[in-house]
Amino acid sequence: MTEAQAVVFVVDDDEGMRQSLKNLIGSVGLRVEAFASAHEFMRSKLMDVPGCLVLDVRLPGLKRA
Amino acid sequence: MTASIAHEVNQPLGAVVNNASACLRWLAGQAPNLDEARKSARLIITDGHRASEIIGRIRAFVKKAPPRKDHLDINETILEVIALARSEAQQSRVSLQTQLSKEVPLVLGDRIQLQQVILNLIINAIEAMSGVGDGPRELQVGSAKDDSQGVLVAVRDSGPGLDPESLDQLFTAFYTTKPQGMGMGLAISRSIIEAHGGRLWANANQHRGATFQFTLPADAERVP
């Protein structure tokens, strides 16, 4: 099963919010990778595993293409 | 401005809820993870402090004391705000006109605070008109000498107007008709005008739209 490797990606510029989401998702046993900006997320080497993305809707920086 | 304040306050509150939920989960089960639970509780404290700091900043903004007292030409004060609001008006396809009387006396007041009030009224008007489909989008900012030799500033729009029953509530803190609003703008504006010895009120226009106007007493030392 690949479930154990599944990653939840969190992108939020607010440090408190980012940390709390990481804590909450981590507390149910999921792996979490958190990023402060869309840029940081795009630059990161994403592992080839099942995942989902939790994205802040009001992020500064990168606009939609 | 109010939308961003609401967002700022919501962030730490959301973080409190997340961290508290996580804390309960770390404590649940056969082998509670006390380290993580403790860490969560500490994060809640940090978030709580952050929320109260933000509220403290809003309070300091509302009760910014003591206001500066400058001798002001209200027309200049208005024109500086219009320069700021012009692009916002253009983006919303609102035609922005001024009708400034040369007869107005100088007033004594805090330029920045009064500009915040005028800007708030202008932005409210633009937002109100952006909500209407067709019809003219006209915004007129005027100044005049009022009955008691002071200054009268009026911001008149051609938006959907005001519900007569809500006229009293408009200036109450946390009352808002905007989906993203926090209901602070007019409440703060009224407290600023009253601190300057003036009055701020609203009327529905006869045909369409609303007019918000305020008075300020003339600068007693400079009355000709």
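**Notebook: A:Gly26 and chain B**

I looked up what A:Gly26 touches in this predicted model and, leaving aside its neighbours within four places in sequence, found it in contact with A:Val32 and B:Trp26, where contact means heavy atoms within 4.5 Å.

I then placed A:Gly26 in helix 1 of chain A, residues 15-27, a helix being a DSSP run of H or I with at least four residues and a strand a run of E with at least two, numbered from the N terminus. I noted that A:Gly26 counts as buried because its relative accessibility is 18% (buried means under 20% relative accessible area, exposed over 50%, partly exposed in between, with a 1.4 Å probe and protein chains only). From C-alpha to C-alpha, A:Gly26 lies 9.2 Å from A:Val8, 18 residues apart in sequence.

Of the 224 residues in chain B, 42% are buried, and among its contacts with a separation of 6 or more, 70% join residues 24 or more positions apart.

For confidence, I recorded a mean pLDDT of 87 for chain B, with 90% of its residues at 70 or more (pLDDT is the predictor's confidence in each residue, from 0 to 100), and ipTM 0.78 and pTM 0.59 for the model.

On conventions, residues are numbered from 1 along each chain as its sequence is written, and chains are lettered from A in the order in which they are written. Local features need pLDDT of at least 70 and side-chain atom pairs 80 or more, while totals for chains use all residues, and side-chain values use heavy atoms, without hydrogens and water.
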